Structure formats: C-alpha cells, structure tokens
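Thanks, everyone. Today I want to talk about charged pairs. Have a look at the model first.

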Amino acid sequence: MERKTNNQLLVPMDFSDINEVALSHAVKVAQTYKNEILLLHVMETSLLKNLFGGVEEELVKEALMNRLNKKADELKASAGINVQVRLVEGKPYKKIAKIATEEEFDAVIMGSNGAEGVGQIIGSNASRTIQHSSAPVVVIKKSNIGPNGYQKIVMPIDLTVETRQKAEWAIHLATKFDSEIILLFENSSDEYVKQGIKANLREVTTKLDQSNVKYTLMEIEDSMATNFATETLATANKLGADLILVMTHTDKNIGEFVIGTMTQQLVNKSRNIPIMCIHPKETGFIFSYS
C-alpha cells in the first residue's frame, strides 16, 4: 500500500456491547497483520465540565483509565497482541479522525448501530469520522468476526475513477484472509455509464488476476424502484457477506453533512455486515456522485 502507516489499529472505546463486537474484529485483524491496537476513549468536554469539576473530574478520568487499562490487559493476555490506551477530551469524531489521520493509523475500527430519523441528519460519530479521517474506517455492526476473518467481501463498482482504488484494498485483505471478492455492478440502460463501468471492471479484474485473488462478477438490474446502495446491501445479506468495501465519496462542495451518499446509506442501513470505508486519493478528475 502506498499510504504510510504506523502499524496500529485505532479502536474508539465507549464500553458498549457493540464496542465489544468491534474489539473482536480489531483483534482478528491485528493478529492477522501483526498490528498493535490503541484503545481510545474521548470524553465530551462540554459534558465533562457540566457534570463534574475539580476533584470529581479527576476521579472520573482515573476510573476511565482504569477501565481502559483493564481491557488492554485482558486483550494482551487472551490475544497476545500489544495494546496501548489513551484518554482525551473533545468531540469524539473530531478527535478520532484527527488522531487516525495525523498519526497514520492503519485503520479505525469502530462499532455503530447506525443512525435513523434525526440521527441521519445530524450524523452519527461513525459517519462523521468517515468524512474526516483519511485512514480507512471499518464500521462494525452486530456480527462478530468469524474464525477465518473476512472470507466473502462485496465490492460495488460504479462509474467513478475512485472506485478502482478499492482493488488495492481488496488485494490487501484477500491475500491475508484468502477472501473471495464479489464485484457488484449495475446493468445500466445508459450506454455512457455502462461503458464506464465496464472500463472500471476491466482495470479492477486485471489487478485481481495479477495478484491471484479469487473474484466473482455479479450484475444487478438498474431499477427505478431501488438505488445501488439498497441493492448492494440486499445482495450482501443474501450472499452472507463478511464485509462490504466502499469508497467514501464525500461531496466536499455541499458542506460537512452529506445526506444520501452510498457510503452513508450503507453505514446507516446495515444491521449486521461491517462496512469498510476507504478515503479516495486525489485523481485529478471530478465526478458527481449519486
């Protein structure tokens, strides 16, 4: 991979049940790639100041550090990996993204139950972290990782140039987990779109062939009744996929809170399958994303 990394995985900690599921994924990935793990807890500054002060605030911090250290010791003993801990103050998504980007983490692995209703407008910590982090963000849902890791990975292919960059990550994962990559694409009625997708498929399959990665092409019909994100999730669920691999495709021109991008729809709507979100490298080309 071209991107420099510090060989560490960043796992935000809020001590919830879904957090434990995220840890199961982080441990398996760390063991496979020989990574270290950083357990990060971000204390909301405004909440901290409103509820506590002085000695009480220090006691809360001490209690949180004790919980982090206890979890780190458990992981070291059970998984045989190096685990560090850190406690910081601020907005969770800002701190997570800043640390992941500036310290060049391999990936952020975080749990999320998705966002519904108002949550889709405001944005969950997961979706906002995705928008701000240049490191890959793996959003974990309800399913623990299997003993053999990510065996079946769904990778949607669209018209954008950036979609080709997922091939690098597919290879990165498949060579370690012996994964099968399912290349999912729409049979568009628009000839220009159809030819563009075919070109992207040719480039991606060439790279996979060169790396001896197993893959399957799967075509879905272009439908006015559903969108590509919905079809991708439905197909992934039907196939029993272990991971969906997507680009972030965040539109920086219309502000921070982008509603309706494919990545956000998948992160919000998926109930079981983890979503790996890759921040695209600059290509010099501009496309509009639907």
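Let's start with glutamate 103. It is partly exposed, at 31% relative accessibility. Keep in mind that this is a predicted model.

What does glutamate 103 pair with? Its partner is arginine 86, and the two form a salt bridge with the closest N and O atoms 2.8 Å apart. This pair links distant parts of the chain. Arginine 86 sits in strand S3, residues 83-89. Glutamate 103 sits in the loop between helix H4 (92-102) and strand S4 (107-111). They are 17 residues apart. Arginine 86 is partly exposed, with a relative accessible area of 27%.

Lysine 98 and glutamate 102 form a salt bridge, with the closest N and O atoms 2.8 Å apart. Both are in helix H4, four residues apart, so about one helical turn separates them. Lysine 98 is partly exposed at 43%. Glutamate 102 is exposed at 55%, because the cut-off for exposed is over 50%.

Next, glutamate 20 and lysine 71. Their side chains meet in a salt bridge, 3.1 Å from N to O. This pair also links distant parts of the chain: glutamate 20 in helix H1 (residues 17-33), lysine 71 in helix H3 (residues 55-79), 51 residues apart. Buried or exposed, where does lysine 71 fall? At 15% relative accessibility, lysine 71 is buried, because buried means under 20%. Glutamate 20 is partly exposed at 38%.

There is a third member here. Glu20, Lys71 and Glu74 are linked in a network of salt bridges.

And the overall count? How many salt bridges does a search of the whole structure find? Nine.

Definitions and conventions
Residues numbered from 1 in each chain as written. Predicted model: local features only at pLDDT ≥ 70, side-chain atom pairs only at ≥ 80, totals over all residues. Heavy atoms only, no water. Salt bridge = Lys/Arg side-chain N within 4 Å of Asp/Glu carboxyl O. Helix = DSSP H or I, 4+ residues; strand = E, 2+ residues; numbered from the N terminus. Buried < 20%, exposed > 50% of the residue type's maximum accessible area, 1.4 Å probe, protein only.
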